[in-house]
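Student: I have a new model to read. Could you walk me through it, feature by feature?
Tutor: Gladly. Here is the model.

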Amino acid sequence: MKEVLVRSLSGLLYISVLILSLFNEHAVIALFFVFGIIALAELKKLIHYKSFFPYIIFTILYIVFGYWQFVMKSDYGLKEATQIFHVTTIFVLLFLVKDLFTHKNIPLFISKRFIITTFYLSSGFVFIILIAQYYEEYNPFLLLGSFILIWTNDTFAYLVGKNFGKQKLFEKISPKKTVEGFLGGLFFSTIASYFIATFTETLGFTNWLVLAIIISVFGTLGDLIESKFKRQANVKDSGVIMPGHGGLLDRLDSIIFAAPFIYLYLQLLHYVS
């Protein structure tokens, strides 16, 4: 009972801080910078990367590609550089997905550690804040809607999987995840997309429906990839900062991985509109 209470209070505090910050663009910038530094420290520990260099890279990328465009409401000559950075990030993330389908551990030589911390985690936080900049002015509901879809997917994937799950999804990486749970999370995320489209003046239902699918698929892949890192490191959680939940990376792994793909879809919408 005490463990459930601690877990509930910890989760409530995390969600409250996150949601409240979303309605102030300066608070969002500051919060996700702090979140990024903490998550990076947890990831570095998982992949045994002792260098201080990733913190410098994260700060530079966050300021140049995230903060500058976010605050200035324009790319100010960064459009081409952002596109190259985005394409490189997508390319790296797809290679990490490939690593899920091998029985071997994800290779963690020095250059691979650099690539993972740069184009998996650091870029993830850059695109998280750029999601809210889709209209070239701050709109908290795009980011809030994305988080709601993540939370809906995670919650119902757990509930459906626990009660009806039989077919394992990736048993060697995450034994508790099931195909039924994944489909349950996806189904309820698509339902949630209708309400997000209805109650926020952002995108139409069709676009939120597509985003629900993107978030469910790539959010689940992000969770599995982080699980593989943890399995290689022989740990249950990425950290201990959130009592009852583990580390901050455990809570943000889905959105970190999904954010570049969400941003990709938003950019495609921008070009066709």
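Student: What does the protein chain average in pLDDT?
Tutor: First the idea: pLDDT is the predictor's confidence in each residue, from 0 to 100. Here the chain averages 90, and 96% of the residues score at least 70. This is a predicted model, in which local features need pLDDT of at least 70 and side-chain atom pairs count only at pLDDT 80 or more, while totals for chains, interfaces and linings use all residues. Residues are numbered from 1 along each chain as its sequence is written, and side-chain values use heavy atoms, with hydrogens and water left out.

Student: Which residues does UniProt list for "transmembrane region"?
Tutor: UniProt positions are given in the numbering used here, feature names are shortened, and annotations may be inferred rather than shown by experiment. The unreviewed UniProt entry lists residues 12-40, 52-71, 83-101, 113-135, 141-160, 181-199 and 205-225. Now look at two of these spans in the model. Residues 83-101 are 95% helix and 0% strand, with end C-alpha atoms 28 Å apart. Residues 205-225 are 100% helix and 0% strand, and their end C-alpha atoms lie 30 Å apart.

Student: What volume does the largest pocket have?
Tutor: Start with the method. On a 1 Å grid over the protein atoms alone, a cavity is a set of points where a 1.4 Å probe fits but cannot get out; a pocket is an open set with protein on both sides within 12 Å along at least five of seven lines. Grid points are joined across faces, edges and corners, and a volume is the space filled by probe spheres set on the points. The largest pocket here has a volume of about 1700 Å³.

Student: How many residues line the largest pocket, and which lie nearest its centre?
Tutor: Lining residues have an atom within 4 Å of a point. There are 42 of them, and Arg-7, Tyr-158, Lys-177, Asp-223 and Arg-251 lie nearest the centre. Two or more lining residues come from each of helix 1 (2-21), helix 6 (140-164), strand 2 (174-178), helix 7 (179-199), helix 8 (205-233) and helix 9 (248-272). Helix 6 gives the largest share, 10 residues.

Student: By class, which residues make up the lining of the largest pocket?
Tutor: Ala, Val, Leu, Ile, Met, Phe, Trp, Tyr, Cys and Pro count as nonpolar, Asp, Glu, Lys and Arg as charged, and the others, Gly among them, as polar. The lining has 15 nonpolar, 12 polar and 15 charged residues.

Student: Is Asp-223 buried or exposed?
Tutor: Buried means under 20% relative accessible area, exposed over 50%, partly exposed in between (1.4 Å probe, protein chains only). Asp-223 counts as buried because its relative accessibility is 16%. This residue is found in helix 8.

Student: Which residues is Asp-223 in contact with?
Tutor: Contact means heavy atoms within 4.5 Å. Leaving aside neighbours within four places in sequence, Asp-223 contacts Lys-177, Asp-253 and Ser-254.

Student: Where does Ser-174 lie?
Tutor: In strand 2. Ser-174 has 10% relative accessibility, so it counts as buried. Beyond four places in sequence, Ser-174 is in contact with Leu-224 and Ser-227.

Student: Where does His-245 lie, and what is in contact with it?
Tutor: His-245 sits in the loop between helix 8 and helix 9. At 14% relative accessibility, His-245 is buried. Apart from neighbours within four places, its contacts are Arg-7, Ser-10, Gly-11, Asp-237, Asp-250 and Arg-251. Sequence distance is another thing to check: His-245 and Leu-13 are 232 residues apart along the chain, with C-alpha atoms separated by 12 Å.

Student: Where is Asn-234 found, and is it buried or exposed?
Tutor: Asn-234 is also in the loop between helix 8 and helix 9. Asn-234 is exposed, with a relative accessible area of 71%. Its phi is positive, about 60°, although Asn-234 is not a glycine.

Technical notes. Helix = DSSP H or I, 4+ residues; strand = E, 2+ residues; numbered from the N terminus.
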